[in-house]
Amino acid sequence: MTTAKLVMTNPAVEEVLAHLRTDFPDANVHFMPDGNGGGAVVIESVDLGQDYAPAKTWLGAHLPSTLPYADIYPLFIGAEVVKTNGQAHNNPISAGHTFNGRPAIQISKRSNNLVATAEAAALKFTKVLHFIREAAK
Amino acid sequence: MTRNVRLLFTPEVFQTVKAHLFPGDEYEHAGVLLCGWSQAADRVILTVREFLPARDGIEYTVSPEMHGRIEPLFIDDCLSQAQEQGLCYIAIHNHLSEDWVAFSKVDFRSHDYGYPTLLRLNKGLPVGAAVFGTNSIEVDLWMPEGTRHQLAEARVIGSRITHLWASTAHAPVSNDVKPYDRQLPFLRNVGQGLLSRAKVVIVGVGGLGSQLLEPLVRLGVRRFVLIDPDRIESTNYSRLHGARPSDLRGEGMLKVTIAARLIKEIAPDAEVLALPADVAKGDVHQHMISADFVVLAADTPEARLTCNAVAQQYYVPMIQVGTKVQVRPDGRLEGVFGAVRHVRPGDGCLWCNGLIDRAGLANAAKTKDQREAEKYGVDTPNPAVVTFNAEVAGRTLNELLLAYVTSSGDLTRYPAYMLIDLLSGEREVISPTKEVGCPFCGTQAGGFLGASNSRRTPVVST
């Protein structure tokens, strides 16, 4: 018989989740632990604005066990999202990926200069959402 | 009592302590050190995080019999701070001696009288005392389980490491000096003794790390910890010192096994702990804590994160090294650079200087499948050439030697980073950035600096 080692979620990851629940009060924030102290988070749903169809989708990312030192990189949205003006997504937004088993569009935005706090880590989701909205204009 | 305490200072705190204890008036003065503490290998290691000076005549008073005492209210305040931060309490005072210092009978009587109570009040944390001469320190440390320990060695981890003992009789000596006859005029017997007792940890024994081994053994180092999870491959055979064609058979020999074999062939008496493991996983980094010197020659962001934290948290002197051959997308050579970076407590922090790739850290914590799913752009292996590694390794070894064995009490902070243009041979020496409030090298409460076991070292997975 083998026994799985129970690994506690990193307290910084728990803090990020708490911030996300505050920052996205109308969404469900699902967390799936990875067994190493981190895990995948999916915020469902978020509003991308009228420049995208559908306007509402999920936003997800892997929260590394090394938070708050690691970046949260990359982030993902649902693969079905297209621009309403008919144009393709531009870098660093790229189609054809998967996240946690879901077909996904990847947003590859690095943040190497954020302060190492859970609050700053959680803020990345809001910043990336803003970036996606602006990218379609 | 066991003589196995290692007491570690930053230059800044040490200078403050010395200025308070020896202001030039030939009286005794006192204060309290708050220290992180850990036990590793055969050492109890104390990292001095803070010095709380006792004000003469108010917090430190002298009786008509000329016996000094630290006042109870000051002790209580210091103990509260120690408990709050999970630190050890060490009361200090000075004697007017130089290269030799010891507690007096009165000192010991006061320890026997007061420390059982202090130990109880400090709730599971060690308490103790240290007495300073101008060039010597002695310690009487009381551990929570009831054991008592004296000083093995004290160090000030600056650009040059200052070594102090209770008396010069405790300084290490090299018994077999003949093989080192030609280097002794430079190192002297104490320097050779320090090398013969030193435990050097090398994280990453690949193309660069493997080049450090033979010179270190021939210098006289006899205790090694080698940490590397990788096996040799045909693509790195050309750069791996000590590798033999037979090592490529099957799945390939572990790099730490090749490194250990090389050391043992030169010095069969060497102690080598070969760990085929990732320093950023589980508790592998614990093997660094009792090191006398660490060389970080692994080039992953997670190794940098963990080792940088250990260097700041446990005051382990470290040099981070690397070479980079930069090739343009059209295949033309852009440049070849080497870096030799000292990471010392409160100085040279890799985090402050943007040398820990945070997206790389995020990647390291993912499964291979997830990394594949996220691939974006084309990954090409970094170019590497054995001769470039050799030049950087040579500088690294000299930096280690200069830092570890050549101090004569020099507490100056010299620029910690050296960048080498390996094509032109030019060298640039720079002072690294230090960010206010850095979680690793900052002095704010709750930071890693000197915190030892009171903080959890960041690792990728447990």
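Predicted model: local features only at pLDDT ≥ 70, side-chain atom pairs only at ≥ 80, totals over all residues.
**Salt bridges, the chain contact and enclosed spaces**

From chain B we can turn to the place where the two chains meet. The contact takes 31 residues from chain A and 25 residues from chain B, and between them the two chains bury about 2100 Å², of which 51% is on carbon and sulfur atoms. On the side of chain A, the residues that lose the most area to chain B are Thr66(A), Tyr69(A) and Asn112(A), which together account for 31% of what that side buries.

Which residues form the salt bridge between the chains? The interface of chain A and chain B holds one salt bridge by the rule used here, and the partners whose side chains meet in a salt bridge are Arg110(A) and Asp357(B), at 3.5 Å from N to O. Six residue pairs are counted in polar contact between chain A and chain B, with both residues of each pair at pLDDT 80 or more. Among the elements of chain A, strand β7 (residues 93–99) gives the most to the side that touches chain B, contributing four residues. Sorted by class, that side of chain A has 13 nonpolar, 14 polar and four charged residues.

The next topic is the empty space that the model leaves. Rolling a probe the size of a water molecule over the atoms shows where such empty space is left. The structure holds three cavities of 30 Å³ or more, and the largest cavity has a volume of about 60 Å³. Its lining draws on both chains, for it includes Pro68(A), Ala70(A), Asp71(A), Ile72(A) and Ser111(A) from chain A, together with Arg358(B) from chain B. By class, the lining of this largest cavity has six nonpolar, two polar and three charged residues.

The second largest pocket has a volume of about 890 Å³. The lining of this pocket is made of 31 residues, and those that lie nearest its centre are Gly68(B), Arg69(B), Ile70(B), Ile75(B) and Ser110(B). The elements that give two or more residues to this lining are β5 (68–70), α2 (72–85), β6 (88–94) and α3 (105–121) of chain B. Which element gives the largest share of the lining of the second largest pocket? The helix α3(B) does, with eleven residues. Divided by class, the residues that line the second largest pocket are 17 nonpolar, nine polar and five charged.

A cis peptide bond joins Glu44(A) and Ser45(A), with omega about 5 degrees, and Ser45(A) has its place in strand β2 (residues 39–47) of chain A. Another cis peptide bond joins Tyr73(A) and Pro74(A), where omega is about -15 degrees; Pro74(A) lies in the loop between β4 (56–63) and β5 (75–78) of chain A. Finally, Asn100(A) has a phi near 55 degrees, which is a positive value in a residue other than glycine, and Asn100(A) is found in the loop between β7 and β8 (102–107) of chain A.

Definitions and conventions
Residues numbered from 1 in each chain as written. Chains lettered and ligands numbered in written order. Heavy atoms only, no water. Contact = heavy atoms within 4.5 Å. Buried area = accessible area lost by both parts, 1.4 Å probe. Salt bridge = Lys/Arg side-chain N within 4 Å of Asp/Glu carboxyl O. Polar contact = N/O pair within 3.5 Å; in protein donor to acceptor, adjacent residues only side chain to side chain. Nonpolar A, V, L, I, M, F, W, Y, C, P; charged D, E, K, R; others polar. 1 Å grid on protein atoms, 1.4 Å probe; cavity = no way out; pocket = protein on both sides within 12 Å on 5 of 7 lines; lining within 4 Å. Points joined across faces, edges and corners; volume = space filled by probe spheres on them.
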